[in-house]
Amino acid sequence: MYLLIVFLALCFCQSVSSVPENDVPSANSTKALFKRVDNPTYAIDGTCTRYPQVQDIVNDWFQTVQVTSHRIDLGRADPHFQYAFQVLFDTDPNSNTLYKFELVEEPITAYDFVELVTTSLASLTPHADPDTKANLIFYCDDDAMNPTPYSNERWQLVPDIPGDPNPNSGRTLGINQEWFDQVNSISRTPSTKGCKDVANARGEPTELETYNDPITPFLYGNRLPPVGILQPTRSTITICDCVLVANNPYYPTIASSLTATLNRPRRQSPLRLYRPEYGRIVSAGLYHESTHWMDLKLEDEILRDGSIAYGWSKIMELNTFERLTNADTYMYLGLLARYESLGWWLDRHEGRAYLGVMVPAPAGWIPPW
Ligand SMILES: [Zn+2]
């Protein structure tokens, strides 16, 4: 599959706690951990100017963020959206079952948790102030790295510690070698190769990657960072070159994927969410990645067979609790919301719905706005 999350260390496998239904949390206390910064912003780094389609991709991501949040806001009263929610999260949106997450302070219903995620994403706005950095920055530098200490590339090799019998410079990229982003003061797990991973365990390149751990003094060459370099509120998403160069197999936007699908010769209607090509939409991948943003830090769930829960069919194997904290679940929530806004909805036949079959909505139907 096609997406990679860098921080798998946190485990959300704790069991669902049963809490009395009258133990409903107050909105403020629950939202606290989802709102680490006020008025969060996003921006496109200058490295993306060589790929003019990135503006369209980011605009499509932002549109999906807004549409999805809006659908969740209104969805409690919309039977079509409730049905899609039921299939995707395997729970009735009106269920009062409460779930206990490390991400929120008190138990919360599934629908309210999803609303916190979508509302938090929708709180992002385009960055306007040139004097400060955005909280979420999109890069197109293919994870530029340079092992020479204090060179100009974004990713810097953590300098060797004198006397270290296993100096960092001699370690292996993607296994145990430590790098840090000198521009954004972000560290990365040694287990990732970022965009340099041209053939991962599934034989496919890394397409997008999110970095969301602020640097620590230890990682800055074991020295105290300069004043102001610690920016614990910023994350970056790299859009790797492989999804941006000419003749790649990816659709830039959700709208372009739908157009291409409908124009395909002898097209087999309808849309099928489980097909890989519907995951290979760069802006939809950005939606997945943006749920790894440090204000959310959702994870990529691991299935019992050790595979990562990428793709519709693998999400269908997860329980509700796992689906709620799985980044790719939200990518499909975004796809469902956007396709609905474009006149498609999930098949009313339950068996086909669980296969991710989308069909044209009845003529004249428009989503309730
Ligand atoms: Zn991920």
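Predicted model: local features only at pLDDT ≥ 70, side-chain atom pairs only at ≥ 80, totals over all residues.

Colleague: Which residues of α2 and α10 meet?

Modeller: From α2, Thr64, Val67, Thr68 and Arg71 meet Leu333, Gly334, Ala337, Arg338 and Ser341 of α10. By class, this contact has three nonpolar, four polar and two charged residues.

Colleague: Why is Ile281 called buried?

Modeller: Ile281 has 28 other C-beta atoms within 10 Å. The criterion for a buried residue is 20 or more, and therefore Ile281 is buried. Ile281 is found in the loop between α6 (276-279) and α7 (282-290).

Colleague: Which residues are in contact with Ile281, leaving aside its neighbours within four places in sequence?

Modeller: With those neighbours left aside, Ile281 is in contact with Tyr251, Thr253, Ile254 and Ser257. The C-alpha atoms of Ile281 and Leu335 are separated by 9.9 Å, and these two residues are 54 residues apart along the chain.

Colleague: Which residues have the most contacts inside the largest nonpolar core?

Modeller: They are Val54, Phe113, Phe138, Ile239, Tyr332, Leu335 and Leu336, in a core of 76 residues. Helix α10 (residues 327-341) supplies the largest share of this core, nine residues. A second, separate core has seven residues, among them Leu157, Val158, Trp179 and Phe180.

Colleague: What is in contact with Phe113, leaving aside its neighbours within four places in sequence?

Modeller: Apart from those neighbours, Phe113 is in contact with Tyr99, Phe101, Ile108 and Leu324.

Colleague: How do you know that β9 and β10 pair, and what is the bridge partner of Phe180?

Modeller: Two bridges join β9 (residues 179-181) to β10 (residues 186-187). Pairing requires at least two bridges, so these strands pair. They run antiparallel, and Ser187 in β10 is the bridge partner of Phe180.

Colleague: Why do β7 and β12 stand at the edges?

Modeller: The open sheet has five strands in the order β7-β8-β9-β10-β12, with mixed pairing. Strands β7 (145-146) and β12 (213-214) each have a single partner strand, so one side of each is left without a neighbour in the sheet.

Terms used: Residues numbered from 1 in each chain as written. Core = buried A, V, L, I, M, F, W, Y, C linked by C-beta atoms within 7 Å. Buried ≥ 20, exposed ≤ 12 C-beta atoms within 10 Å, placed from the backbone. Helix = DSSP H or I, 4+ residues; strand = E, 2+ residues; numbered from the N terminus. Contact = placed C-beta atoms within 7 Å. Nonpolar A, V, L, I, M, F, W, Y, C, P; charged D, E, K, R; others polar.
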